[in-house]
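Me: Please take a close look at one single part and describe it carefully, then carry on to another part in one connected answer, giving the cut-off behind each term.

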Amino acid sequence: MSQQKNGSIAMWKKLFTSPKPSSKEKKITYIKGESVEFTHIKKSKKNISLKIDQNGLIISTPLHTDDIFINNIIEKKFDWIIKHLRHVSSQTISKSNQIETVLLLGEEYKVIPRHHSTQIDHKNKIIFCKTNEVSDVKKILKEFALQYFKKRIDSYDYILEIKPSSIQLTNAKTKWGSCSNNKNIRLSWRLIQTSSGIIDYVICHELAHLKHMNHSKLFWHEVERIFPKYKIYKKQLKDQALSLFTLD
Ligand SMILES: [Zn+2]
């Protein structure tokens, strides 16, 4: 049998050997009386991911995922999707480089310019900031993040056998935390935008690395010892990570 001469055999061979192309399609679904528009990207991958950015909701799935399955996901994550779509659109409407709202500890805060002093009013969810400029808002978020992370780490002091030597902030967008050999814990300031449970999970993950510098079974036992509910927040971080950090 000569594959070179027979076009159809060559084509079949190609279908079976080369990876299938990914596809991208705009879709709309109706859930709880609201229409949800999204871009469905099919790729040769195993996991499903949801992302919300200036382009709206983007759902990436394995190649053979049907619409019923996608609808179930959207329904399950409905409240989270609507909340973040609204947040992103309010950011997009505002002038470039200026922000009207920002996420802090998983809640939407209004940014109000006030020249004489900066302050975070948690009760009324307002950030009084020098200006609405992204750089000024980031500055105040970073200051708050460092204080908050240190306080949370202190709250686990009673249970820790090994203590961190220092706490520092990073600007990382996907690596939320790290722990060095000399016990220096570094956390992305961007985490301050997510919920307190997710922040505690990342913190406890790094605190557990003080004892085990790997992701062995012993390491995960240590995470559980420090933060017994960690599994819920580990999953939430995985589901939400990319879209929670819209502030560049
Ligand atoms: Zn780790």
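Reply: Two residues are in contact here if their C-beta atoms, placed from the backbone, lie within 7 Å. The model is predicted, and local features need pLDDT of at least 70, side-chain atom pairs count only at pLDDT 80 or more, while totals for chains, interfaces and linings use all residues. Residue numbers start from 1 along each chain as its sequence is written.

Ile48 lies in the loop that links β2 (34-43) and β3 (49-53), where strands (E, at least two residues) and helices (H or I, at least four) are DSSP runs numbered from the N terminus. Apart from neighbours within four places in sequence, Ile48 is in contact with Ser60, Thr61 and Ile73; the C-alpha atoms of Ile48 and Thr61 are 4.6 Å apart, although 13 residues separate them in sequence. Ile48 counts as partly exposed because it has 14 C-beta neighbours inside 10 Å, the class between buried (20 or more other C-beta atoms within 10 Å, again placed from the backbone) and exposed (12 or fewer).

Turning to the sheet, three strands form an open, mixed arrangement in the order β9-β11-β10, with pairing requiring at least two DSSP bridges between two strands. Its edge strands, each pairing on one side only, are β9 (166-170) and β10 (177-179). Three bridges join β10 to β11 (residues 184-188), and these two strands run antiparallel; Ser178 stands opposite Arg186 in β11.
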